[in-house]
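Here is a friendly walk through one model, with an eye on its charged pairs and one of its strands. Take a look at the sequence and the coordinates before reading on.

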Amino acid sequence: MEYKYFICDVFTKYKFSGNQLVVFPNAQGLSDWQMQSIAKEFNFSEATFVFPSEHGNTRKVRIYTPTTEVPFAGHPNIGTAFALANQGMFGDLNEGVNIVFEEEAGRVPIKIQKDDSGDIWCELGAPEALSIGVAVNKELVGSVVSLNESEILTTTHPPQVASVGLPFLFVELPSDPVLKKARINMPLLEDLLEETNVSYIHLYCRDVDEFDIKARMFAPLDGVFEDPATGSANCALVALLTQLDPHDDLEKDWLISQGTEVGRPSILSGRTLKVEGKVSGVWIGGHSVLVSEGTLNV
């Protein structure tokens with residue numbers, strides 16, 4: 001049977017940058033095993049498989065890395081919304097369109113619109129409220145990312161697990177040069193996984209050039225040694241930083257850079273809203289570009 005697919009680059013306006021994604025817009029008939037095998041065959045950070053809604057929303061979407069299915073991820077939602085909208089599946093975008101994807105983590109609302117240049121822009125809302133997990137000893141974290149303990153900042157937070165649908169370990173570093181030299185020590189990563197049950201590591205520093213945040217995300221145990229753009233991680237990160245901000249009420253925009261170290265520069269735009277001391281909304285958005293399309297015989 002033939003299945004149509006689209007390949008797009010996400011969190012960029014330019015081909016061959018951003019984060020690659022393959023989207024199967026009509027995946028009915030594919031088994032779990034087939035979807036996992038297809039994701040491994042393309043070997044991008046993620047692949048998405050689109051099904052009719054089961055609960056009255058726009059579509060159901062399943063997301064696979066090369067090794068496993070995940071309940072939520074950022075760039076797959078942005079890229080899937082873009083791919084479907086780019087094919088005219090949501091009608092006229094000039095006034096903006098709001099859709100909802102059903103995923104394992106919950107309902108993912110996405111706003112699709114055209115910017116001043118006529119390019120499609122998509123922004124998602126996190127499917128879950130911010131949850132803050134365990135803090136991790138910075139000596140262990142430093143050894144895992146091949147940095148000195150003194151190069152890990154703890155002024156705002158210690159190395160900290162947090163999630164808005166998918167958990168990551170967040171580690172703040174003092175500067176871009178320190179961020180650039182980070183390397184994963186695979187044997188020690190296994191020790192970190194045993195302690196935290198989290199193997200996704202999101203390193204970041206603040207205020208680099210025009211960006212509020214510059215980030216790198218490593219998930220080698222999931223077949224993704226370094227991710228060019230991670231919407232779910234940055235969504236949780238800006239929510240965490242907003243929650244830790246001393247202001248009880250705060251509305252903030254975030255401009256985020258990722259992917260330069262792997263030659264796929266990406267730009268993500270975040271928004272957070274905090275009311276009476278609690279984060280009440282977090283969004284991440286960006287552009288995408290269609291690279292190719294084809295059919296897969298299964």
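Which residue forms a salt bridge with Glu123? The partner is Arg271, and the closest N and O atoms of the two are 2.9 Å apart. A salt bridge here is a side-chain nitrogen of Lys or Arg within 4 Å of a carboxyl oxygen of Asp or Glu. Glu123 lies in strand β8 (residues 120–125) and Arg271 in strand β16 (residues 266–275), so the pair ties together parts that are 148 residues apart in sequence.

Some ground rules: this is a predicted model, in which local features need pLDDT of at least 70 and side-chain atom pairs count only at pLDDT 80 or more, while totals for chains, interfaces and linings use all residues. Residues are numbered from 1 along each chain as its sequence is written, and side-chain values use heavy atoms, with hydrogens and water left out. Helices (H or I, at least four residues) and strands (E, at least two) are DSSP runs, numbered from the N terminus.

**Salt bridges**

The whole structure holds 14 salt bridges.

Glu123 is buried at 13%, whereas Arg271 is partly exposed at 29%. Likewise, Glu151 is buried at 12% and Lys181 is partly exposed at 41%. For the remaining pair, Lys4 has 35% and is partly exposed; Glu293, at 42%, is partly exposed too.

Beyond these pairs, salt bridges link Asp176, Lys180, Lys214 and Glu261 in a network.

**Strand β12 and its partners**

Strand β12 (residues 201–208) has 6 of its 8 residues buried, so the rest of the structure largely encloses it. Two strands pair if DSSP finds at least two bridges between them. On the parallel side, 4 bridges join β12 to strand β11 (residues 168–172), with Val171 opposite Leu203. Strand β13 (residues 211–219) pairs with β12 in the antiparallel sense over 7 bridges, and here Val208 stands opposite Phe211. β12 and β13 form a hairpin with 2 residues between them, and Asp209 in the turn has a positive phi of about 55°.

How values were computed. Buried < 20%, exposed > 50% of the residue type's maximum accessible area, 1.4 Å probe, protein only.
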